[in-house]
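The sequence and coordinates are shown below.

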Amino acid sequence: NSPDGLRIGARKITISTVGLIPMMDRLAKEGLQLELAISLHAPNDAIRSRLMPVNRRWPMAELRRVLTELPLRNGVLLVEYVLIRGQNDAREHARELAAYLSPLRPLVNLLTYNPLPPDHGVDPFEPPGAVVVDDFHHTLSSLGVSVSRRSPKGLDIAGGCGQLGGPLAGQGRQRRP
């Protein structure tokens, strides 16, 4: 957005984050109308802390506080939610998610977990079945939450939509001096 850079209009920028609160507070003070995509993946602190260690440092109440302060483009918050069998995919989880998001104007993008390829070792997670995904989607919709479903991509490279970082995350990356 900087005049010294590419001068991309703030309304054309989407920032994706797991919820680094100090950086989000700083962003809120900038006053730019951006699109924000938050990787949430859980309806409560217990589940989110297990799936996303960042939540142990910045819990969901703090995250919701800063989300209400950000000047979002069109006022819409993009919420990324990867459904994982038996972890965060129950009807009750959908109800909790709707309640958590109620002070916001969210568009929830539902994704199913992308399992690791067999040559990457044991995968602790599995994607839910189509009936469970349909039920989760319907429950959110019936509670007034705007929701869309995203198709999985990146299955062949253990990455992309619906792939969470795990024990292999970061392997093969070179550190810069």
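In this predicted model, Leu78 makes contact with Thr14, Glu35, Leu36, Ala37, Ile38 and Leu107, when residues up to four places away in sequence are not counted. Leu78 belongs to strand β3, which spans residues 72-83. Its relative accessible area is 13%, and because the cut-off for burial is under 20%, Leu78 counts as buried.

A second residue of interest is His41, located in the loop between β2 (34-39) and α2 (45-51). Most residues other than glycine have a negative phi. His41 has a phi near 65°, a positive value in a residue that is not glycine. With a relative accessibility of 6%, His41 is also classed as buried.

The two residues may be set side by side.

| Residue | Location | Relative accessible area |
|---|---|---|
| Leu78 | strand β3 (residues 72-83) | 13% |
| His41 | loop between β2 (34-39) and α2 (45-51) | 6% |

Helix packing is considered next. Two packed helices are described by the angle between their axes and the distance between the axes. For helix α5 (residues 91-101) and helix α6 (residues 130-142), the axes come within 9 Å and cross at roughly 35°. The crossing of α5 and α6 is right-handed. On the α5 side the contact involves Arg91, His93, Ala94, Arg95, Leu97 and Ala98, which meet Asp135, Phe136, Thr139 and Leu140 of α6. By class, the residues of this contact comprise 5 nonpolar, 2 polar and 3 charged.

The protein chain as a whole contains 6 helices and 5 strands, arranged along the sequence as β-α-β-α-α-α-β-α-β-α-β. Of its 177 residues, 42% are buried. Among contacts between residues at least 6 apart in sequence, 70% link residues at least 24 apart. The accessible surface amounts to about 10200 Å², with 53% of it belonging to carbon and sulfur atoms.

The mean pLDDT of the chain is 83, and 82% of the residues reach 70 or more. Among the elements, α5 has the highest mean pLDDT (98), whereas strand β1 (residues 14-17) has the lowest (86). Over residues 165-177 pLDDT stays under 50, and the model has 1 contact beyond four places in sequence for this stretch. Where pLDDT is low, the predicted coordinates should not be read in detail.

Key: Residues are numbered from 1 along each chain as its sequence is written. This is a predicted model: local features need pLDDT of at least 70, side-chain atom pairs count only at pLDDT 80 or more; totals for chains, interfaces and linings use all residues. Side-chain values use heavy atoms; hydrogens and water are left out. Axes are lines fitted to C-alpha atoms, for helices over the stretch in contact, and angles run from 0 to 180 degrees between N-to-C directions. Helices (H or I, at least four residues) and strands (E, at least two) are DSSP runs, numbered from the N terminus. A crossing is left-handed if the near helix is turned anticlockwise from the far one by less than a right angle, and right-handed if clockwise. Contact means heavy atoms within 4.5 Å. Ala, Val, Leu, Ile, Met, Phe, Trp, Tyr, Cys and Pro count as nonpolar, Asp, Glu, Lys and Arg as charged, and the others, Gly among them, as polar. Buried means under 20% relative accessible area, exposed over 50%, partly exposed in between (1.4 Å probe, protein chains only). Accessible areas come from the Shrake-Rupley method with a 1.4 Å probe; for residues, only the protein chains shown count as cover. pLDDT is the predictor's confidence in each residue, from 0 to 100.
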